[in-house]
Amino acid sequence: FQVAPFNHSAMAVQHQPSLVAPPVAVPVVPAVPAAHGLHVPGTLPSPSSGQSWKVAQLASIGAGAVALRRRWQSRSRRSLRATSAVEKETPWLEIAGAVGLALLDIFKGPPEESTDASAPGLKEMGKPVMEALATCTVQDVRSGETLEASSLLASGSTRGIFFLTHWGDFNSWEVAQQVRTAIQAKRIDMSSICLVGIGSKTSGAKFAEMLELPPELKIFTDVSGSCYSALCFSRGALPQYSEQLNPYLRVFLMLLGVGSPGTIRTVLGGYFGDRSLPASSTAWIDDALRQGAKKGRWPTSVPDMLGDWKMLDLAEVGNGVWDDGFGKDGLRPFELATIRLQNMVGGIIANWSDLAPEDSELLVQQGGVVTTKKGEVNYYYRDKGILTYVPMEDAIKALQ
């Protein structure tokens, strides 16, 4: 085997620009020992101009492939980082797991917790109620006067505050309707309590007008919900994912019982009734039915299903429409469900734009009740979710 002599003239071959690949970095080949009469000073041999052109083209293709590979790897790393950031921002798997676990318990009743001085919420505050409310303000829905929230209890005359949810929520409507009836029956001294809701002053005034609450009853609004945060009331369904989940979606989940234990059971109770309840616990239903029908909230009449199916005016007969079929004791089937239908259709939905808070995050904020005796908190209750609000009989006892 014999190697041909190096052709130095080939180095002078000029290639056409259109055929020459862009310059690329070609690794320098170390000098080959002068064996067989060959010495190459740091370059590859080029026996002919055609072979030199092929070598340049192959080197160019190789360099281009390396560049494309590096670019693809760089983009892949950026894509992985972006995907990881999105997954970290919206942990859908965790959210689905939390929803799934909650749905397993939707038919259970609301959890019970202490409501006296040892209430968990009071411990979470880590400070007295008066001190917690000292940094919060409320506004009178009628006069527009702004007050420090702690002053509501500091006067001595007010012993209980019913913290409603926002003005367009089921809880606010039913609690206010029960308070109204208790005041009329003189079971609650109106001067010893006040109502606080979430939303604007205008919304609060609209709410009071629609339910015909006594003008002497003190009603305030907390625009930002600061009192509720200070008192450690529930933030509704999945508050840890508030940045990822729309508040309206969270309200829907609460209607299914997610973050709102006892809601489904309470809803079904409105249809099936509870014959064990005393008359004092159901008196508000007759009052609310009549008041709602007079204000034109649908349904204003129901058919006499046990008679000639004649439509009966609820403003006149109230909950007496169920007397013949179910007797007069306890909560009768469909009785409470009819009230909720009135509140929802003729009250909340029909006036949603006037009642809903500006900050949609407050749609899921829950309320509660705080009462005092001799300057000390003797009753603290926080709502568990939609329709799982304070038992009115318990609140009335705490105020006595």
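Glu-212, which follows helix α7, has a positive phi, near 50°; helices here are DSSP runs of H or I with at least four residues, and strands are E runs of at least two, numbered from the N terminus. The model is predicted, so local features need pLDDT of at least 70 and side-chain atom pairs pLDDT 80 or more, whereas totals for chains, interfaces and linings use all residues. Residues are numbered from 1 along each chain as its sequence is written, and side-chain values use heavy atoms, without hydrogens and water.

Within α7 (residues 201–210), Ser-203, Gly-204, Phe-207, Ala-208 and Met-210 are buried, that is, under 20% relative accessible area with a 1.4 Å probe and protein chains only (exposed is over 50%, partly exposed in between). These residues lie on the same side of α7 because they cover an arc of only 165° around the axis, taken from the directions from the helix axis to the C-beta atoms. Their cover includes β3, α6 and α14, where contact means heavy atoms within 4.5 Å.

A salt bridge requires a side-chain nitrogen of Lys or Arg within 4 Å of a carboxyl oxygen of Asp or Glu. The count by this rule is 13. Three are tabulated below.

| Salt bridge | N to O distance |
|---|---|
| Glu-113 and Arg-382 | 3.0 Å |
| Glu-209 and Lys-295 | 3.0 Å |
| Asp-323 and Arg-332 | 2.8 Å |

In the last pair, Arg-332 is buried at 2% relative accessible area, while Asp-323 is partly exposed at 22%.
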